[in-house]
Amino acid sequence: MISIWMSVIVMQVVFVNGERNEDVTQQCATIQTSSSVVPLGSPVRATCVIRDDCLPVIGQTVHLEWRLGDRLIPSSPVASESGRVSEVVIPSFNHTREFLICCLQACPIQIAGGVEIRAGYPPETPQNLSCQANLTSRNTLTCSWDPLQRETHLLTKYTLHTKIWDLNKNYTYKLPAGVHHYTIPRSDFVLFSEMEIYVKAVNELGEAASEPIILEPVSAAKFDPPKILKVEVVPKRHGCLKLRWSLSQHQAWMRNYRLNLEVRFKTADSSQWSEQPILVSQIKPTRSVDQCRLLHGTQYFAQMRVRYKQSPWSEWSSSRSGVTLESAPTGRLDSWVKLSGDHMHKQINIHLFWKPSKQFHANSQNVSYIVSVQKLPGEKGKLCSTTGNYCTFQLPRKAKKVYLSAVNAVGKSSPTEVRICQPKALMAISDITAIFRDDQALLVQWKNGDISSVTGYVVEWRPLLKTDLSFTRFEIADRNESSLIITGSFEPYKPYGISVYPRFKDGIGLPQTVNAYTRQKAPSMVPKIRIKKTWQSHIELTWDELPVDQRNGIIHSYKVFYWDEKGPVHVVNGDPVKRRVVLKDLNTISLYEAFMMVSTFGGSLNGSTIHFEMEPFDAVTIVMIVTASGVGLSLFIIFIVMTCFSTHKRLKGRFWPVVPDPANSSIKRWTSESTQDTHPSWDNDEPNPIYLSHLSFLDLPMKLSKQEDDLWLNNAEDTSDLGESICGSPFIPGYSGSNSDSVPYATVIFSGPCSSPPPKEPHVYLRSESTQPLLENQESFSPKCYQNMTTDGLAREQCFFGSCHDCVAEEGANPVILWDDFPFLRALAMNDTQND
């Protein structure tokens, strides 16, 4: 619609220029406005007058209406006889450019006339006008200003005006639209003549000029950086350096003019220049500059810059270095002592660290340190000498102090007394933390316990990935402090161990330690997950500890992500200490995938994916296991019951062997085997054969003397044969055995036991207390009758093992005696013969 209106207006509207009021002539109407350019937001008044010779309205009543662009605006007719005049007032014109149109109310609507109205702002006063001369191979003077940020919406033109007072010349420079700087050619200014400069802005709503500036072009010149030719030592003046300098080749023609100079220094081991440069006023480039009050024997780097009067400073020159004269070191050293070693040893290991205090000055480039046990260090009392910042040595446990001195080529400093403080098992610090401040600083905080006896604190830190003690640093804190900012060349993503020690009057307390990073990022690797244990629907995963150099930060979580083929992803947090996690409620028929994510406060890293599957455990298997378990348990119970209540003697004897009665035993044959099976008899018919590996015989006299009798009775030695069943031991003189390595099972005594005269009762053979299952049962102590064979081959009736009334000798021919089958009886016969 707007484009249609514009096309119609362009075709029908004819503009006629005027002074203040602009008459726009159309075929039928004339529109009069106060101005076609107005301030934005101001009111606009316009009048539309229909001409008498307008053919469409001759002889008709006319009704006019107004449109601003394509929008209808209300109007009011002016009192007249014909009603052919209309007036409109726009309270606030908020368009930067728009057409105001007067129309005849006819069908169709016919444009009677129109006018374009533009709105904007008058120009603002230019600000911050400045000019700078360039004294290089092409000398120029460039001026610039700030037009401010407000848009005028109207075409604004800028002009630069200069006036040279000495020459009485004025220059005006027109600038292209939108350009706010201009370079004055060398022909239009004089270096050492003052000139006035200002800038003017003009548009259709007005004009504005900046405040003029008055300057001498050379004083507005920014010089090239000067050049330091040489840095020399001032003879016989400690702490002084002489600087020789010159201007650049483009400004070398000003070597006879006095300039202002600034000089700054920094030491070789410092990264910061001096905060306040040294000002040298009104000096010619042909003269050198002496700077004193510097440290002795110290290497300095120097820079300088130059300007003329109030001109801008040049850039800083390149650096040149020099060394001041040396002198003996001055001031004291801050120290920190740590002890190690076994408290049982007389010698202890001492680790002594030191650093320059704020008052210490080495006064030399090459300085070394001496630790000695004497106040005046000598070769005899010297413990160590080094150029580093620490020393390790041994001292007697009772040592109380050592002395630390700095030495250079000129002399040595006054010794610093270092007390050897013994460690104390006292805890005065808790809740230590280290907070990142910037790449080169950490804030260490701790909580004080009972500080009544604390005299101060020592904050120690070192890189954990470096074992060299030379990287150890420390700071001393006051007893009332609970935080300290430590600075240094910290490496990002590297761990540092920070310890805080409480200091007491007579020792050093127990420290609190924390690990810290200046910057953190994701770990460099993720440990591999291993399957440790599986059971039912659970599985236990474990992993190795991540190496310190791969962590890149403090690890705060291990997360295991796992999922099956159909289910969602599950997340479980692992135990960071035990490094294990248990996945529960897993399906035994699904294939699972899992990976672990390790996170630090700087990022996270995912590990490789593993696959695992739970073994199936179906209902049939469960029924089989339960059935087998039940059957096995039932069989075991039946076996126990049958064993306990069974009357089968052979089966029962296997589980409850009975030690037989030697009186009811018979010896069938002699064997050299050390172990034979014994089958106990459960009837009284005939005892089973007993196999013996050793028999011993003891021959006692019929009457013992009183001394021998007492010796025999008082012998308390134990025996594996009879124990306390007989008086005495088989291990006395007179004992003989067939095998000294064997244990006798029984001892046969041919005389009465211990007392005389011998008893009238028959010989009694006492049973052994041996636990070996060699003899028959012990239910009856009544010996049975057996037949004894004599050496003469004749059989005679004997109750060999006791009295018996039913012993009947067998009648018949003498059988052939096989003594090999009866070694025991043969031994008895031989013994009887010897006694006879």
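Trainee: How many bridges join strand E28 to E31?

Mentor: This is a predicted model, in which local features need pLDDT of at least 70, side-chain atom pairs count only at pLDDT 80 or more, and totals for chains, interfaces and linings use all residues. Residues are numbered from 1 along each chain as its sequence is written, and side-chain values use heavy atoms, with hydrogens and water left out. Strands of a sheet pair through backbone hydrogen bonds, either parallel or antiparallel. Here strand E28 (residues 347-356) and E31 run antiparallel and are joined by seven bridges; strands (E, at least two residues) are DSSP runs, numbered from the N terminus, and two strands pair if DSSP finds at least two bridges between them. Within this pair, Leu352 lies opposite Cys391 of E31.

Trainee: Which residues of strand E31 form the covered face, and which the uncovered one?

Mentor: In a regular strand the side chains alternate between the two faces of the sheet. In E31 (residues 390-396), Cys391, Phe393 and Leu395 make up the covered face, while Tyr390, Thr392, Gln394 and Pro396 make up the uncovered one.

Trainee: What is the order of the open sheet of three strands?

Mentor: The order is E42-E43-E46, with antiparallel pairing. Strands E42 (530-535) and E46 (580-583) each have a single partner strand, so one side of each has no neighbour in the sheet. Four bridges join E43 (residues 538-542) to E46, and Leu541 faces Val581 in E46.

Trainee: Why does Thr416 count as buried?

Mentor: Thr416 counts as buried because its relative accessibility is 6%, and buried means under 20% relative accessible area (1.4 Å probe, protein chains only). Thr416 belongs to strand E33 (residues 416-419).

How values were computed. Buried means under 20% relative accessible area, exposed over 50%, partly exposed in between (1.4 Å probe, protein chains only).
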